[in-house]
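I opened this model to look up its fold, its core and its charged pairs. My entries follow in the order I made them.

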Amino acid sequence: MDNKDNRSVRPERNPFHGLMEQMDAFFNESAKNFNTLVRRPINVRTYETQSNLIVEAELPGYKRDQIQLEIIGNQLRIAVEDFSSNEQEKNYRGQRAERTITIPFTISEKETKADLNNGILRITIPKKNSSRRFIDIND
(Lines give C-alpha, C1' and ligand atoms only; values in the text may rest on other atoms or scores of the structure.)
Protein backbone atom coordinates (compact mmCIF):
# COMPACT_ATOMS: atom_id res chain seq x y z
CA MET A 1 0.00 0.00 0.00
CA ASP A 2 1.24 3.46 -0.86
CA ASN A 3 1.73 6.08 1.91
CA LYS A 4 0.13 8.69 -0.31
CA ASP A 5 -3.26 6.98 0.05
CA ASN A 6 -3.20 7.15 3.90
CA ARG A 7 -2.29 10.84 4.16
CA SER A 8 -5.05 13.40 4.35
CA VAL A 9 -5.06 15.58 1.32
CA ARG A 10 -4.59 19.28 2.17
CA PRO A 11 -5.79 21.80 -0.31
CA GLU A 12 -3.20 24.12 -1.65
CA ARG A 13 -3.10 27.40 0.26
CA ASN A 14 -4.18 30.30 -1.90
CA PRO A 15 -1.84 33.31 -1.64
CA PHE A 16 -4.89 35.49 -0.88
CA HIS A 17 -6.18 33.22 1.89
CA GLY A 18 -4.71 35.35 4.70
CA LEU A 19 -6.15 38.51 3.17
CA MET A 20 -9.57 36.88 2.83
CA GLU A 21 -9.47 35.78 6.49
CA GLN A 22 -8.67 39.35 7.56
CA MET A 23 -11.46 40.74 5.41
CA ASP A 24 -13.93 38.21 6.86
CA ALA A 25 -12.90 39.15 10.39
CA PHE A 26 -13.29 42.86 9.58
CA PHE A 27 -16.77 42.44 8.12
CA ASN A 28 -17.88 40.11 10.93
CA GLU A 29 -16.81 42.68 13.53
CA SER A 30 -18.50 45.45 11.56
CA ALA A 31 -21.74 43.47 11.42
CA LYS A 32 -21.70 43.12 15.22
CA ASN A 33 -21.61 46.92 15.56
CA PHE A 34 -24.10 47.61 12.77
CA ASN A 35 -26.99 48.21 15.17
CA THR A 36 -25.11 51.10 16.77
CA LEU A 37 -24.86 52.81 13.39
CA VAL A 38 -28.52 52.50 12.47
CA ARG A 39 -30.64 55.34 13.70
CA ARG A 40 -33.62 54.36 15.73
CA PRO A 41 -36.67 56.45 15.00
CA ILE A 42 -38.05 58.58 17.79
CA ASN A 43 -41.71 57.76 18.32
CA VAL A 44 -43.68 60.98 18.75
CA ARG A 45 -47.31 61.65 19.61
CA THR A 46 -48.87 65.11 19.34
CA TYR A 47 -52.23 66.26 20.64
CA GLU A 48 -53.97 69.47 21.59
CA THR A 49 -55.67 70.75 24.67
CA GLN A 50 -57.70 73.93 24.70
CA SER A 51 -54.66 76.09 25.41
CA ASN A 52 -51.61 73.97 24.49
CA LEU A 53 -50.11 71.74 21.86
CA ILE A 54 -48.48 68.72 23.52
CA VAL A 55 -45.61 66.74 21.96
CA GLU A 56 -44.66 63.47 23.65
CA ALA A 57 -41.54 61.61 22.55
CA GLU A 58 -40.63 58.10 23.69
CA LEU A 59 -37.00 58.16 24.81
CA PRO A 60 -36.49 55.10 27.03
CA GLY A 61 -33.05 54.86 28.59
CA TYR A 62 -31.97 58.41 27.76
CA LYS A 63 -31.00 60.95 30.42
CA ARG A 64 -31.62 64.70 30.34
CA ASP A 65 -28.03 65.47 29.32
CA GLN A 66 -28.35 63.18 26.26
CA ILE A 67 -31.37 65.06 24.88
CA GLN A 68 -31.25 68.27 22.88
CA LEU A 69 -34.31 70.38 22.06
CA GLU A 70 -34.07 73.11 19.46
CA ILE A 71 -36.70 75.58 18.28
CA ILE A 72 -36.33 76.78 14.70
CA GLY A 73 -39.22 79.11 13.91
CA ASN A 74 -42.23 76.80 13.74
CA GLN A 75 -40.22 73.59 14.02
CA LEU A 76 -39.19 71.61 17.08
CA ARG A 77 -36.11 69.40 16.73
CA ILE A 78 -35.59 66.57 19.21
CA ALA A 79 -32.15 64.95 19.11
CA VAL A 80 -30.66 62.25 21.32
CA GLU A 81 -27.10 60.99 21.59
CA ASP A 82 -25.67 58.07 23.51
CA PHE A 83 -21.94 57.63 23.02
CA SER A 84 -19.71 55.37 25.06
CA SER A 85 -16.14 54.20 24.76
CA ASN A 86 -14.28 51.23 26.11
CA GLU A 87 -10.61 51.98 26.77
CA GLN A 88 -9.63 48.31 27.09
CA GLU A 89 -11.09 47.25 23.74
CA LYS A 90 -10.50 50.64 22.10
CA ASN A 91 -14.12 50.67 20.95
CA TYR A 92 -16.24 53.74 20.45
CA ARG A 93 -19.95 53.10 20.12
CA GLY A 94 -22.68 55.59 19.66
CA GLN A 95 -26.26 56.12 18.74
CA ARG A 96 -27.80 59.29 17.45
CA ALA A 97 -31.37 59.92 16.47
CA GLU A 98 -33.41 63.00 15.77
CA ARG A 99 -36.88 64.01 14.81
CA THR A 100 -38.24 67.35 13.60
CA ILE A 101 -41.87 68.27 14.17
CA THR A 102 -43.50 71.15 12.30
CA ILE A 103 -46.01 73.17 14.31
CA PRO A 104 -48.58 75.40 12.55
CA PHE A 105 -47.35 78.50 14.40
CA THR A 106 -44.12 80.06 15.69
CA ILE A 107 -42.94 78.41 18.91
CA SER A 108 -42.20 80.69 21.87
CA GLU A 109 -38.97 79.66 23.58
CA LYS A 110 -39.91 81.48 26.81
CA GLU A 111 -43.32 79.88 27.18
CA THR A 112 -42.53 76.33 26.00
CA LYS A 113 -41.87 73.80 28.78
CA ALA A 114 -40.36 70.30 28.69
CA ASP A 115 -40.35 67.47 31.24
CA LEU A 116 -38.77 64.01 31.17
CA ASN A 117 -40.51 61.30 33.22
CA ASN A 118 -40.14 57.53 32.87
CA GLY A 119 -38.64 57.76 29.38
CA ILE A 120 -41.34 60.10 28.03
CA LEU A 121 -40.29 63.61 27.03
CA ARG A 122 -43.34 65.88 27.23
CA ILE A 123 -43.12 69.28 25.57
CA THR A 124 -45.92 71.76 26.21
CA ILE A 125 -46.23 74.54 23.64
CA PRO A 126 -48.81 77.26 24.35
CA LYS A 127 -51.11 78.00 21.43
CA LYS A 128 -51.38 81.65 22.42
CA ASN A 129 -47.87 82.87 22.95
CA SER A 130 -46.43 86.34 23.22
CA SER A 131 -44.52 86.11 19.95
CA ARG A 132 -47.67 85.47 17.89
CA ARG A 133 -49.38 88.49 16.41
CA PHE A 134 -52.62 88.65 14.52
CA ILE A 135 -53.23 91.29 11.89
CA ASP A 136 -56.57 93.03 11.56
CA ILE A 137 -58.08 93.12 8.10
CA ASN A 138 -59.58 96.42 7.03
CA ASP A 139 -62.87 96.57 5.12
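**Entry 1: charged pairs**

I began with Arg-96, which is partly exposed at 27% relative accessibility. My cut-offs: buried is under 20% relative accessible area, exposed is over 50%, and partly exposed lies in between (1.4 Å probe, protein chains only). This is a predicted model, so I took local features only at pLDDT of at least 70 and side-chain atom pairs only at pLDDT 80 or more, while totals for chains, interfaces and linings use all residues. Residues are numbered from 1 along each chain as its sequence is written, and side-chain values use heavy atoms, with hydrogens and water left out.

Which side chain does Arg-96 meet in a salt bridge? The partner is Glu-81, at 2.9 Å, N to O. I count a salt bridge when a side-chain nitrogen of Lys or Arg is within 4 Å of a carboxyl oxygen of Asp or Glu. Arg-96 sits in strand E5 and Glu-81 in strand E4, 15 residues apart. Glu-81 is partly exposed too, at 36%. Salt bridges with shared partners join Glu-70, Arg-77, Glu-81, Arg-96 and Glu-98 into one network.

I then checked Glu-98 and Arg-77. Their side chains form a salt bridge at 3.6 Å, N to O. Glu-98 lies in strand E5 and Arg-77 in strand E4, so this pair ties together parts 21 residues apart in sequence. Is Arg-77 buried or exposed? Arg-77 is buried, with a relative accessible area of 13%. Glu-98 is partly exposed at 37%.

Next came Glu-56 and Arg-122, whose side chains meet in a salt bridge at 3.5 Å, N to O. The pair links distant parts of the chain: Glu-56 is in strand E2 and Arg-122 in strand E7, 66 residues apart. Glu-56 counts as buried at 19% relative accessibility. Arg-122 is partly exposed at 34%. The structure holds 7 salt bridges.

**Entry 2: fold and totals**

I counted 3 helices and 7 strands. Helices (H or I, at least four residues) and strands (E, at least two) are DSSP runs, numbered from the N terminus. Along the sequence the pattern is α-α-α-β-β-β-β-β-β-β. Of the 139 residues, 25% count as buried. I also looked at contacts, meaning heavy atoms within 4.5 Å. Among those between residues at least 6 apart in sequence, 48% join residues at least 24 apart.

**Entry 3: the core**

Which residues touch the most other members of the largest nonpolar core? They are Leu-59, Ile-78, Leu-121 and Ile-125, out of 19 residues. Strands E2 (52-58), E4 (75-86), E5 (91-102) and E7 (120-126) each give two or more residues to this core. By nonpolar core I mean a set of buried Ala, Val, Leu, Ile, Met, Phe, Trp, Tyr and Cys residues joined through side-chain atoms within 4.5 Å. In soluble globular proteins, nonpolar side chains tend to be buried together.

I listed what Leu-121 touches, leaving out residues up to four places away in sequence. The list includes Val-55, Glu-56, Leu-59, Ile-67 and Ile-78.

**Entry 4: a loop residue**

Last, I looked up Phe-105. Its place is in the loop between E5 and strand E6 (113-117). Phe-105 is buried, with a relative accessible area of 11%. The C-alpha atoms of Phe-105 and Gly-73 are separated by 8.2 Å. Along the chain, Phe-105 and Gly-73 are 32 residues apart.
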